[in-house]
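User: I'd like to go through the fold of this one with you, piece by piece. Can you take my questions as they come?

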Amino acid sequence: MGKDIIIACDFSGREELLGFVEKFGERKLYLKIGMELFFAEGPGIVREMKAKGHRIFIDLKPHDIPNTVMRAMAALSKLDVDLCNLHAAGTIAMMEAAVKGLTRADGTRPQLIAVTQLTSTSEERMREELLIERPIDEVVMQYAQNAKAAGLDGIVCSPLEVPKVKNAYGESFLTVTPGVRFADGDIGDQSRVTTPANARELGSDYIVVGRPITAAADPLAVYERCMTEFVG
Ligand code: C5P
């Protein structure tokens with residue numbers, strides 16, 4: 001399976017994104033477009049980036065009734081995104097509906113991964129606000145198991161969790177991992193971070209890297225360094 005770097009394009013609008021992508025010349029990138037950019041610019045921004053030859057991970061994390069998610073996913077499939085996600089908390093029925101919606105008449109579909117528990121949710125909040133009594137690690141693994149049972153391709157997780165996830169659900173179960181920083185870099189608001197080299201050793205399939213590249217004085221140089229460490 002090809003390892004790659006997905007750049008988190010947490011920009012507020014099209015001009016900022018275009019200015020950023022321009023710095024990479026003709027290079028074909030794998031870009032993550034999240035709610036901020038998608039809600040500001042709409043699907044046109046995805047079409048524009050796809051037309052330039054970039055791959056797109058659309059990070060919108062739907063969580064709704066199965067029929068609504070199925071229909072939303074069918075729309076994403078027509079947009080020709082490469083990777084998309086949803087909240088595993090929507091249950092297996094919702095995830096199965098998502099796979100159905102994404103699958104085109106010819107049987108192809110974008111890859112689909114699940115978000116388990118958000119890293120911003122602590123065990124304490126889970127227990128006190130959501131009344132989920134089990135340890136958070138167990139909840140994350142249960143959500144991953146549900147995602148696998150529903151036919152999803154993998155999950156978003158920390159690089160530190162990759163060995164455990166691969167061990168439980170197989171090498172081909174995709175792990176897409178944010179929380180990556182260079183050994184000599186600023187960790188910012190992330191807490192549990194690993195380097196690109198360490199993420200590679202742990203077996204991540206894709207690392208999601210935002211500010212270390214987007215906020216760099218020379219994004220291309222940082223991207224190349226990241227590629228060398230992660231892909232080799
Ligand atoms: O700038 P930075 O490298 O921290 O960006 C990481 C990206 O991955 C952001 O778009 C962030 O929303 C996303 N993400 C994360 N942690 C998660 C899930 C997603 O950092 N658990």
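User: Which handedness does the β-α-β unit of strand 4, helix 5 and strand 5 have?

Analyst: This is a predicted model, numbered from 1 along each chain as its sequence is written, where local features need pLDDT of at least 70, side-chain atom pairs count only at pLDDT 80 or more, and totals for chains, interfaces and linings use all residues. Side-chain values use heavy atoms, with hydrogens and water left out. Helices (H or I, at least four residues) and strands (E, at least two) are DSSP runs, numbered from the N terminus. With the strands pointing away from the viewer, a path from the first strand over the helix to the second that runs clockwise counts as right-handed, and the unit of strand 4, helix 5 (residues 91–102) and strand 5 is right-handed.

User: In strand 5, what is the bridge partner of N85?

Analyst: Strands pair if DSSP finds at least two bridges between them. Strand 4 (residues 83–87) and strand 5 have 5 bridges, in the parallel sense. Among the residues involved, N85 has as its bridge partner I113.

User: Which residue of strand 6 stands opposite V115?

Analyst: Strand 5 also pairs with strand 6 (residues 154–156), in the parallel sense over 3 bridges. Opposite V115 you'll find V156.

User: Why is strand 5 largely enclosed by the rest of the structure?

Analyst: Buried means under 20% relative accessible area (1.4 Å probe, protein chains only). Strand 5 covers residues 111–115, and it's largely enclosed because the number of its 5 residues that are buried is 4.

How values were computed:
Buried means under 20% relative accessible area, exposed over 50%, partly exposed in between (1.4 Å probe, protein chains only).
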